[in-house]
Amino acid sequence: MVERIEDLNLPNAVIGRLIKEALPESASVSKEARAAIARAASVFAIFVTSSSTALAHKQNHKTITAKDILQTLTELDFESFVPSLTQDLEVYRKVVKEKKESKASKKDSSTVENANASSTAAAAEEAAE
């Protein structure tokens, strides 16, 4: 599993970015406070994950889904987080879908271009004969 408890902490760069985005530019946060926030965030993530795992297990699921996380947050009295997380989840799913469609259309267009290039080369060979 985990060798050291520190391995469960979120990356300091991520925590620093979150703190910077959440506070006004004039605010400063001590190194000790950053460490405390990082630890609290890690503990919260582990707690929600553990609770969601238990919920999924009760429902005979092996995989935790976003629905499980949202339901867990509601059960743990963090229901005020659910609307904004639901909205962020919809945006995330939309971005993933658009990337997938973009990748598929690029693949389709390159396939069409390759087919056109092949037919043009074949026509050139026939004309040369």
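Why does Leu-85 count as partly exposed? Its relative accessibility is 33%, and partly exposed is the class between buried, under 20% relative accessible area, and exposed, over 50% (1.4 Å probe, protein chains only).

Before I go on: this is a predicted model, where local features need pLDDT of at least 70, side-chain atom pairs count only at pLDDT 80 or more, and totals for chains, interfaces and linings use all residues. Residues are numbered from 1 along each chain as its sequence is written, and side-chain values use heavy atoms, with hydrogens and water left out.

Leu-85 sits in helix 4, residues 82-128; helices are DSSP runs of H or I, at least four residues, numbered from the N terminus. With Phe-44 and Phe-81, Leu-85 makes a nonpolar surface patch of about 230 Å² accessible area together. Areas are Shrake-Rupley, 1.4 Å probe.

Phe-44 also lines the largest pocket, along with residues including Leu-10, Val-48 and Ile-69. A pocket is an open set of points on a 1 Å grid where a 1.4 Å probe fits, with protein on both sides within 12 Å along at least five of seven lines; lining residues have an atom within 4 Å of a point. This one holds about 200 Å³. Helix 2 (31-58) and helix 3 (66-75) each supply at least two lining residues, and helix 2 gives the largest share, five.

Lastly, Asn-9 lies in the segment before helix 1 (12-22). Its C-alpha is 8.1 Å from that of Val-43, 34 residues apart along the chain.

Key
Patch = residues over 30% accessible without salt bridge, like charges linked within 9 Å, V, L, I, M, F, W, Y side chains within 5 Å. Salt bridge = Lys/Arg side-chain N within 4 Å of Asp/Glu carboxyl O. Points joined across faces, edges and corners; volume = space filled by probe spheres on them.
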